[in-house]
Amino acid sequence: MTVKLILRGKEYEVRAGMTLLDALKKINVLSEAVLAVREGEMILDDEILKDGETIRLVAVISGGAQ
Amino acid sequence: MKCRACGGKAVVNMRQHKLALCKEHYLEWVPEQVARFIKKYRMFGPDEKILVAVSGGKDSLSLWDILIRLGYNADGLYLGLGINEGPDGGADSGYSAESRRMVEQFALGRGLKLHVVDIQQEYGHSIPALSLMTHRGQNRPCSVCGVTKRHEMNRMARELGYDVLATGHNLDDEAAVLFGNTLSWQKDFLLRQGPMLPGHDGLARKVKPLCRFYEKEMAAYALLRGIDYIYEECPYSVGSTSIYYKELLNQLESERPGAKLAFYLKYLEARVSGLFIQPEEQPQALHTCPVCGQPTQYEGKCSFCRMLEKANSET
């Protein structure tokens, strides 16, 4: 009963049945810093994660010279 | 969560606006808002020629896409910085090569005009080499990169006859810079930051049409529009102060939705009301660099020409 989250090539596993927001808290990632994509579709913080699925997290923060 | 416009499934939720939208309505909403900000901050008119500085990242390519969708006459400018390439540059792999590929692919696919300046070809040194030779930036070429980009963007906008230079700075970029300048009370910088900097004395007008969108919203726009952008971060930005400030502000935003937006907008209001300058105070006159002819704050050579001179004396 797990869900896989992938961020910058690194894999995390969380329990299925929790919301995306709870899963992000579990892996210490702020919702403000990522987009979550399930099978090519963006999902929101209140989405319940299902057993066996993989969620791709797209980092959105960039920085450097102004 | 449902789309406020149609009741369909929302894919973007902007807590600071209490607004959730589906893909279709989000992709309509973003250009509408950009058009509103262009007008509100008097950035440019419908007949003006715009030069968009494009890096291959989500913000600048999205900005170019939006301006074209809005019917503006907007061309692109890409600066080849030579990051993660061999000492002689010109490698076909690495960060700069990949970002250039993204920009060229974007322009080609849409039939848009793109200007490319390769810093190594133009001046003999890549950005990392310039940084090493001039000993600037504490092992990080970001300050050299900033000076060079500002110099070259202004030069190209002026030489090619564009009315305005547009950059893809988003609200997180602006809030992070503002946060840094506020921490050290940099009055000069606090006076200058804004969505539109008027052109004067050889300086091109600069505008930031995305300055009120969160970084996450621009990433969502790029993803939903199918814009291919460079996901990898500039290798030199890892651990940078600007990213650290963004993370701090995002922690605040997480607890207090709208905090980032309010920080920036309240600053703009404060600036207009004269918090940082007496209304009768006049901005300092600029000087002309005797080497490149571009405007500079102090008499003598501009910081870019001084930097280049130092690098050339090292070789």
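Both chains build the lining of the second largest pocket: α1 (20–26), β3 (34–38) and β4 (41–43) of chain A, with β1 (12–14), α9 (215–225) and α10 (241–255) of chain B, each supply at least two residues. Helices (H or I, at least four residues) and strands (E, at least two) are DSSP runs, numbered from the N terminus. The model is predicted, so local features need pLDDT of at least 70 and side-chain atom pairs pLDDT 80 or more, while totals for chains, interfaces and linings use all residues. Residues count from 1 along each chain as written, chains are lettered from A in written order, and side-chain values use heavy atoms, without hydrogens and water.

A pocket is an open set of points on a 1 Å grid over the protein atoms alone, where a 1.4 Å probe fits, with protein on both sides within 12 Å along at least five of seven lines; lining residues have an atom within 4 Å of a point. The volume here is about 620 Å³. Of the 31 lining residues, A:S31, A:E32, A:D45, B:R15 and B:K216 are the closest to the centre. α1(A) gives the most, four residues. The lining has 17 nonpolar, five polar and nine charged residues.

Now look at the backbone. Most residues other than glycine have a negative phi. A:E39 is not a glycine, yet its phi is positive, about 45 degrees. A:E39 sits in the loop between β3 and β4 of chain A. With 75% relative accessibility, A:E39 is exposed (over 50% relative accessible area, 1.4 Å probe, protein chains only).

B:W185 also has a positive phi, near 45 degrees. B:W185 lies in the loop between α7 (171–183) and α8 (187–192) of chain B. At 59% relative accessibility, B:W185 counts as exposed.

Definitions and conventions. Grid points are joined across faces, edges and corners, and a volume is the space filled by probe spheres set on the points. Ala, Val, Leu, Ile, Met, Phe, Trp, Tyr, Cys and Pro count as nonpolar, Asp, Glu, Lys and Arg as charged, and the others, Gly among them, as polar. Buried means under 20% relative accessible area, exposed over 50%, partly exposed in between (1.4 Å probe, protein chains only).
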